[in-house]
Amino acid sequence: MRRLLLAGLIALAVLPVAAETPSTTSKLDLETIMANPDWMGQAVENPYWSVDGHSLYYRLKRDGSAVHDLYRVDPASGKNTRLDAAATAQAEGPAVYDRAHRRAAYVFHGDVFLVDLGSGRRTQVTRSALPESSPRFSADGRALQFRESNNWYVYDIASGITAPAAVLKFTDDPNDKKPDALEQQQLELFKDLRENKQDKDALHANEQALAAADPTRAPQPFYLGDKAQLVDTELSPDGRWMLVLTQPAHHDDGKAPDVIHYVTYSGYTETEAARQYVGRNDPAPQSVLLLDLSAHKSYPLATDNLPGIKDDPLKAIRAKTVAALEKAGKDDDAKALKAPDVRPVIMYTMDSGAAGIVWSDDGRQAALEFLAIDNKDRWIASVDFAHHTLVPQHRLHNDAWINWGFNDFGWLKDNRTLWYLSEESGYSQLYAKPVDGTAKALTSGKFEVSEPQLSNDGKWFYLRTNKVAPYSYDVYRVPSNGGELSRVTQYGGMDQFTLSPDDRQLAVLHSSAYVLPQLAVQNVEGGTPRDLTHTMKPAFTAYRWIEPKIVEVPSTHGAGVIYAKYYGPANEADASASRPAVLFVHGAGYLQDVKEAATYYQHEQLFNNLLVQEGYVVLDMDYRASEGYGSAWRTAIYRQMGHPELEDLLDGKAWLVKNHGVDPKRVGIYGGSYGGFMTEMALLRAPGEFAAGAAQRPPSDWVTYNDPYTADILNTPQLDPEAYRISSPITYAENLRDPLLINHGLIDNNVMASDSIRLYQRFIELHKKNFWISLYPLERHEFEHADAWYDEYRRINELFERWVKPGAAN
């Protein structure tokens with residue numbers, strides 16, 4: 001949701017396998033390793049428990065197809081069944097349960113279903129063209145609530161009647177219209193008009209009274225005016241309240257650049273609008289309304305009492321920029337940078353896509369999570385329903401920016417204690433806080449805690465943590481009232497987990513370097529897991545792939561240890577004493593590639609194997625800004641993207657020279673997306689350090705990237721132009737002296753191809769040599785076609801062969 005999209009994700013293209021799989025002793029070739037990844041195997045996706053907790057469902061991509069089939073597995077016997085169309089129609093979706101655990105509900109193929117757990121009887125609640133979502137039982141268990149888009153509905157279980165919880169109209173109430181001067185004069189002049197109006201008003205008042213007293217009627221609409229537009233709604237479990245998130249109706253999102261499609265079905269050139277550039281317009285500020293559905297009244301929830309919301313965390317930068325603008329005679333631009341009296345906010349967006357609003361199970365408490373648009377503060381506030389106000393509960397401030405992740409929050413089963421994740425200690429940890437009490441840390445240490453799941457009985461939190469080592473992830477649990485953090489799984493490469501309905505088992509996705517995520521079950525108290533899937537292809541697993549070694553590279557810039565994956569020959573003694581090397585740079589910036597789990601970069605990992613086969617050694621580093629190492633590591637790049645990371649990459653190169661006999665003049669570098677950006681920064685800010693570089697889909701000028709990602713790290717270009725100048729490769733174009741290959745998809749709507757084309761034009765105008773660009777007409781940011789994968793890596797391989805290997809030109 002708010003990070004630079006990952007370059008090199010596994011491309012699941014609809015193509016036949018392009019080459020034969022290698023034997024355990026055969027040499028690798030590009031045709032094989034860049035083929036459709038079906039030859040490797042498939043990742044198990046989206047596991048969830050059946051309603052009765054006796055089975056598990058999961059998705060698996062079909063070989064040679066984009067279709068993802070639904071499977072069911074019996075954890076006791078291990079029997080897997082691929083469901084055909086008829087069986088899929090009788091399958092279930094991820095379930096929710098009432099508090100008595102007598103009923104369950106779920107959404108499947110966009111419709112809502114209700115199950116009586118005693119009898120097993122299934123009732124289809126909806127059958128509509130529009131998809132429903134978010135099923136939830138009411139606090140008293142008598143109704144089932146669900147939503148269609150932002151419209152909430154309540155299904156009365158006893159009667160089988162479904163009704164809207166509220167009707168929202170973003171227009172003015174026609175009955176509230178006040179007569180203007182002329183209308184008032186007419187009423188004063190003519191008795192019959194006065195009587196007509198009195199009759200009309202009386203009928204309306206009577207209709208409202210009847211509707212309020214008659215529960216069989218649909219609710220009267222809330223007229224919320226035409227100055228706002230709807231963003232999201234959240235209904236309370238007791239059905240009494242609704243929180244409505246809005247933004248200004250006529251907010252200008254700014255001009256969007258076009259992506260041009262040259263190879264099309266129609267044969268004609270076609271265009272599509274992409275995202276806006278950073279700083280072209282701020283995100284729309286958001287506001288919250290509290291609707292009392294019983295009394296039919298609405299109340300705005302002001303945010304001006306949130307602590308620090310009237311401060312200006314960018315005061316020093318703002319003053320410097322304003323002074324420079326005023327000195328240059330740009331008074332209008334300077335005035336546009338005036339700090340707001342109250343900082344505008346947006347609501348945090350949760351993984352489900354809904355607004356950051358969480359109700360307690362009984363509906364008597366609500367918590368909301370706000371982010372300042374300037375990205376420096378996050379607040380959690382509860383609602384005082386009696387006084388219709390927000391009550392601040394927690395403030396997280398960061399002088400750089402608030403993390404995109406680690407913002408989970410909710411309520412304990414006592415319905416009065418908040419739990420939340422916070423980086424306030426420097427690492428994401430779990431906290432609990434009564435609404436009228438003091439916060440308590442449930443976990444602590446120099447490791448990351450994420451994905452908290454509260455057990456159904458409310459006694460335990462199950463968490464994903466890297467407590468053992470930054471690169472090793474497993475499930476841990478901690479009592480919800482505080483206590484020892486204990487390890488449950490022993491994988492090191494744990495990817496995802498979900499708790500069974502009876503709180504006794506975990507379904508776990510786990511992976512390793514050359515094994516895509518597989519499904520297992522394990523007792524919540526630990527013990528031996530039971531593997532339920534094996535979806536890797538025998539020919540792939542039989543090959544002797546190089547197991548990457550996780551190594552510690554010392555930082556010469558005070559950053560401590562930089563973790564990295566090293567790929568080298570099995571017998572280093574047989575290798576050259578002055579060998580060539582390649583640095584692979586992962587994408588996204590905030591991503592962790594040094595892990596015991598499977599990498600996002602399957603193609604690149606196989607290419608690293610091929611490079612070792614051809615005489616190179618390869619290093620893949622979690623440079624500063626990478627995930628998994630705490631907030632200081634993440635925010636080291638604030639206002640200076642590409643600077644600390646380059647220091648780390650140069651330390652990696654020095655480590656290779658010192659420890660693995662690498663020739664310092666024979667080191668290449670490559671990467672995609674943020675990795676492509678760092679490849680360009682390495683060649684342009686440290687000319688002569690790398691023999692050649694290959695940059696895939698690189699952002700070369702952050703001014704043309706998007707707002708949420710870039711403004712977090714660099715503020716906006718209007719407010720902080722210096723941060724953008726020093727952080728963009730195009731600034732340093734005149735320094736190019738080492739061979740640079742740029743590969744970019746022409747229909748990339750994340751990092752636009754124009755980024756690479758603009759940099760290419762700068763090189764032309766600067767009369768540079770040994771730079772090339774390769775454009776791919778059918779590729780977006782994440783390449784999808786095996787032919788394109790092969791072509792770009794053929795070019796990279798040839799680049800390194802020519803410029804990096806011993807005896808190559810330089």
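Biologist: What should I know before I start?
Modeller: The model is predicted, so local features need pLDDT of at least 70, side-chain atom pairs count only at pLDDT 80 or more, and totals for chains, interfaces and linings use all residues. Residues are numbered from 1 along each chain as its sequence is written, and side-chain values use heavy atoms, with hydrogens and water left out.

Biologist: How do I read a helix, and what span should helix H11 have?
Modeller: Helices (H or I, at least four residues) and strands (E, at least two) are DSSP runs, numbered from the N terminus. The expected span of a helix is 1.5 Å times one less than its number of residues. H11 covers residues 674–685. Its 12 residues should span 16 Å, and the end C-alpha atoms are 16 Å apart, which agrees. Helix H15 (residues 786–803) has 18 residues and should span 26 Å; its end C-alpha atoms are 26 Å apart, which also agrees.

Biologist: Is H11 enclosed or open, and how many of its residues are buried?
Modeller: Buried means under 20% relative accessible area, exposed over 50%, and partly exposed in between (1.4 Å probe, protein chains only). In H11, 11 of the 12 residues are buried, so the helix is largely enclosed by the rest of the structure. Among them are Tyr674, Phe677, Met681 and Leu684.

Biologist: Which residues of H15 are buried?
Modeller: An α-helix has 3.6 residues a turn, so residues three or four places apart point the same way. The buried residues of H15 include Trp789, Tyr793, Ile796, Phe800 and Trp803.

Biologist: What does phi tell me about Ser673?
Modeller: Most residues other than glycine have a negative phi. Ser673 is not a glycine, yet its phi is positive, near 60°. Ser673 lies in the loop between strand S42 (662–672) and H11. Ser673 is buried, with a relative accessible area of 0%.

Biologist: Where is His101 found?
Modeller: His101 is in the loop between strand S5 (95–97) and strand S6 (103–108). His101 has a positive phi of about 55° although it is not a glycine. At 38% relative accessibility, His101 counts as partly exposed.

Biologist: How do I read paired strands, and in which sense do S35 and S36 pair?
Modeller: Two strands pair if DSSP finds at least two bridges between them. Strand S35 (residues 505–512) and S36 pair in the antiparallel sense over 7 bridges. They form a hairpin with 2 residues between them. Gln505 stands opposite Asn523 in S36. Strand S36 (residues 515–523) is mostly covered, with 7 of its 9 residues buried.

Biologist: How many bridges join S36 to S37?
Modeller: There are 2 bridges from S36 to strand S37 (residues 530–531), and the two strands run antiparallel. Arg530 in S37 is the bridge partner of Val521. The hairpin of S36 and S37 has 6 residues between the strands, and Gly526 there takes a positive phi near 105°.

Biologist: What is the order of the strands in the open sheet?
Modeller: The 4 strands run in the order S30-S31-S32-S33, with antiparallel pairing. Strand S30 (449–454) and S33 stand at the edges, each with a single partner strand, so one side of each is left without a neighbour in the sheet. S30 pairs with strand S31 (residues 460–469) over 4 bridges. Val449 stands opposite Thr465 in S31.

Biologist: Which side chain does Thr489 contact?
Modeller: A polar contact is a pair of N or O atoms within 3.5 Å; within protein, one must be able to donate a hydrogen and the other to accept it, and residues adjacent in sequence count only if both atoms are side-chain atoms. The side chains of Thr489 and Asp474 make a polar contact of 2.4 Å. Thr489 sits in the loop between strand S33 (486–487) and strand S34 (494–499). Thr489 is buried, with a relative accessible area of 0%.
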